[in-house]
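I opened the model today to look up side-chain pairs and surface features. My notes follow in the order I took them.

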Amino acid sequence: MDLLMDPSVMRGGPAACYPCTEDDFNYIAKNHANSSGEDHAAQDDSEAFERDKEQYLRDLKALYAASASASNNQIQSGETEAGINDAGAYEPTPLDQKLDEIDGDYLHHQHMQQQHTEQLQYDEYQQLAQQLQYEQQEREYYESWRDAKHWAKAFGVNLDDTNDRDGNNNETRTKKSRIKDTSKPGIGHKEVIYGISFGEDGKYAATASQDATVCIWEVATNRLLSTLKGHDVKYECLRVEWATRKWADSVLDRSFLFANLIASSGADGKVKLWACKNDDESGRDDQGLRTIDNKWKCEYTLDHANLLSRGVHTEEPVKEKETADDDDYFGVGVDDKKGSDDKPQVYSLQFIDHWKVFTKDLSQQNCSHHSKQKDNPKELKEKNDDFDQNSFLMTSSDEFIHLWEIERHPLDQQLSLDGQKIHLLQEKIKLKEVLSLYFGPLDDHSYGVTACSITGEGLDLPAPPTKSSEAKDGSVAFGGERNPSNTIFVFDAAYSPGSGLLGVALSDGSLRLVNGRGYCISVIQLPGSKSHLTSFCWDATGNRLATCVGTGHLITWSLDPESHDKGNYHTAATCTAIFEGGHQSGRPLFGSRFCGGEDENLLISWGIDGKLCLWHSKASGNIYDPVAILKDDGSYPIFAVEISRSERNLVVGGGSEGGFIGVPLHFYSIPPLTNITAGAKEEQSDDDDGKTKEVSEDS
């Protein structure tokens with residue numbers, strides 16, 4: 001284009017072009033094609049090529065010089081401007097049309113080239129992302145497999161030898177003959193063991209049994225330290241929970257009087273709180289672990305049978321009464337008029353150190369995406385001191401979840417010293433209700449979850465709704481004839497510190513997630529299945545769930561963390577994997593736990609079939625076989641399994657009929673992964689040295 005705009009050509013007038021004809025343009029294009037080297041014969045003759053090129057340039061200059069001269073003469077003579085017709089409209093010349101067409105082709109070519117470049121960059125990015133994802137999956141699988149071998153070895157299973165193939169489906173299976181019992185038995189209970197809980201440091205464990213007792217164990221030696229008796233012997237002791245050191249430490253003296261605190265629940269609706277002091281002033285042994293004096297005492301008894309827990313209300317005031325039992329008994333509620341066979345069973349028991357986004361003012365129902373009025377700084381400080389920090393004891397009874405807290409000292413923060421409020425700690429335990437959650441049919445408001453008050457204490461909330469005694473649409477009530485009132489019972493409940501959500505598994509087959517404002521934000525159900533969820537568990541982040549089904553299936557779910565952040569009202573649960581094949585089909589599972597280090601890439605499950613199965617927790621799709629079967633004893637149904645926080649110890653409880661010596665509790669020790677890795681390297685080094693020695697002797 002530099003030749004077209006040669007200043008020597010335009011020197012005689014303005015930059016205007018004579019409207020060339022189509023023949024002129026074709027002639028120039030033809031000569032240009034010949035000069036550009038399309039004629040291979042001309043390329044061979046360099047002199048002819050140069051002559052054609054020079055002739056083309058001369059013709060091109062002459063053409064544009066003539067066009068410029070004609071246009072200049074037309075403008076100077078006062079005639080119509082070049083390119084403008086008599087009507088004053090622009091009329092493109094054939095040369096202009098050809099130039100526009102060339103420009104359009106050029107722009108289209110540039111656009112296509114840009115799209116091609118962007119597509120190449122996108123494909124390269126996708127390939128890189130897939131490669132990184134594949135590498136991450138490979139790394140996760142390697143770590144998961146390493147941890148699985150580590151865990152399996154602690155149970156006497158060598159996964160490196162489980163390469164036998166089943167002829168029907170070609171799946172890798174663990175032979176039962178390869179499983180040996182590596183547990184240390186603990187003898188203390190006379191009947192079935194239903195609940196297990198570790199102390200915070202993992203040195204001690206507490207168990208609950210059908211024999212209505214709670215046993216305290218030293219984990220390292222599997223030695224029975226104490227047997228706590230206080231529950232009615234006619235009812236089972238179902239659950240036990242060990243409180244952390246910081247639970248209610250701003251209300252109770254957790255450093256001395258209540259240094260060790262556990263809760264136990266029974267099938268008679270009673271929850272007992274037990275406490276004992278530390279063994280000495282420091283409260284620690286030579287290894288730095290806390291020690292206890294084993295002088296346990298029942299400090300408080302909460303009787304759910306005396307609570308108005310069936311939606312039937314009376315004007316009789318709620319009373320507090322004390323019995324003449326050996327332990328201090330504080331009952332909450334009215335006189336029990338129910339029969340001995342109509343007791344609310346407490347299946348859920350948990351100490352909650354701090355419920356995120358919990359507010360005692362339930363009128364403040366603003367989520368994080370909505371603005372709210374600014375609080376007075378002084379009021380905000382007082383509100384934070386009183387409300388934001390909380391320590392709850394969560395219990396269940398029939399269709400209710402209850403939250404309880406320790407009553408503060410009457411003079412707590414009423415006295416000041418040097419401008420600082422003085423905290424007065426309670427010397428006696430006394431629980432009061434914060435709120436209760438009633439669970440009704442799913443088609444009711446807020447998925448059937450209603451915040452209410454049973455005792456009339458605590459928050460200013462309405463009484464529980466009156467439920468219908470008949471199933472809707474003529475359907476069969478949950479539990480059939482055994483549940484004529486169609487009560488939706490609470491089977492399991494657990495709060496997740498990671499997500500701030502409370503999950504509740506119910507007898508209608510649903511798992512409802514409740515946030516800290518008392519709202520149900522999601523419902524997990526099994527489509528097309530009439531079976532119920534027996535239990536469930538959270539991972540540490542609160543973004544993954546594992547649910548156990550009465551049919552023997554284990555299902556994992558994932559939650560969108562942003563959808564329920566800061567107490568929002570909606571979240572979605574996505575099914576990630578369905579595990580089957582490890583347990584006996586049609587027989588219920590009783591529990592599951594995430595494990596395998598910080599990533600929790602492993603998952604264990606147990607059930608009535610006496611099997612303890614190990615799975616990859618991050619697997620997706622349909623999984624038909626476990627990684628390993630850690631325990632397989634059909635004569636010992638497994639009802640409870642607990643893992644210490646350090647994952648150094650695991651305890652298995654269950655059993656059936658107690659014999660002469662009772663039902664054993666199984667203690668498993670899991671060595672650190674670093675020791676396993678170091679040991680493997682040492683074994684490999686020893687093997688290599690042995691092989692070298694043999695070669696030398698043969699030489």
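I am working from a predicted model. I began with Lys-430 and Glu-407, whose side chains meet in a salt bridge at 3.6 Å, N to O. This pair links distant parts of the chain, 23 residues apart: Lys-430 sits in the loop between β16 (420-421) and β17, and Glu-407 in the loop between β14 and β15 (416-417). I noted Lys-430 as partly exposed, because its relative accessibility is 29%. Glu-407 is also partly exposed, with a relative accessible area of 22%.

I then looked up Glu-405 and Lys-432, which form a salt bridge with 3.9 Å from N to O. Glu-405 belongs to strand β14 (residues 400-406) and Lys-432 to strand β17 (residues 431-439), so this bridge ties together parts 27 residues apart in sequence. Glu-405 counts as buried at 13% relative accessibility, while Lys-432 is partly exposed at 27%.

A further salt bridge joins Asp-539 and Arg-544, with the closest N and O atoms 3.2 Å apart. Is Asp-539 buried or exposed? I found 6% relative accessibility, and the cut-off for buried is under 20%, so Asp-539 counts as buried. Arg-544 is buried as well, at 17%. The count of salt bridges comes to 8.

I searched the whole structure and got 10 aromatic pairs. For Tyr-194 and Phe-639 the ring centres are 5.4 Å apart and the planes stand at 80°, so I logged the pair as edge-to-face. The two are 445 residues apart, Tyr-194 in strand β2 (residues 193-198) and Phe-639 in strand β32 (residues 638-643). Phe-639 is partly exposed, with 23% relative accessible area. Ring pairs also bring in Phe-590, giving a cluster of Tyr-194, Phe-590 and Phe-639.

Phe-536 and Trp-538 make another edge-to-face pair, 6.3 Å centre to centre with 75° between the planes. Both of these residues are buried. I also noted Lys-631 over the face of Tyr-636, 5.7 Å from the ring centre.

I found a nonpolar surface patch of about 380 Å², made by Ile-187, Phe-660 and Ile-661. Phe-660 lies in the loop between β33 (649-654) and β34 (663-669), and is exposed at 81% relative accessible area.

I recorded 6 helices and 34 strands. Of the 699 residues, 43% count as buried. The chain exposes about 37,500 Å², of which carbon and sulfur atoms supply 48%.

Methods
Residues are numbered from 1 along each chain as its sequence is written. This is a predicted model: local features need pLDDT of at least 70, side-chain atom pairs count only at pLDDT 80 or more; totals for chains, interfaces and linings use all residues. Side-chain values use heavy atoms; hydrogens and water are left out. Patches are made of residues with over 30% relative accessible area and no salt bridge: like charges are joined within 9 Å, nonpolar side chains (Val, Leu, Ile, Met, Phe, Trp, Tyr) within 5 Å. Accessible areas come from the Shrake-Rupley method with a 1.4 Å probe; for residues, only the protein chains shown count as cover. A salt bridge is a side-chain nitrogen of Lys or Arg within 4 Å of a carboxyl oxygen of Asp or Glu. Helices (H or I, at least four residues) and strands (E, at least two) are DSSP runs, numbered from the N terminus. Buried means under 20% relative accessible area, exposed over 50%, partly exposed in between (1.4 Å probe, protein chains only). Rings of Phe, Tyr and Trp (its six-membered ring) pair if their centres lie within 6.5 Å; planes under 30 degrees apart count as stacked, over 60 as edge-to-face and the rest as tilted. A charge sits over a ring if NZ of Lys or CZ of Arg is within 6 Å of the ring centre and within 35 degrees of the ring normal.
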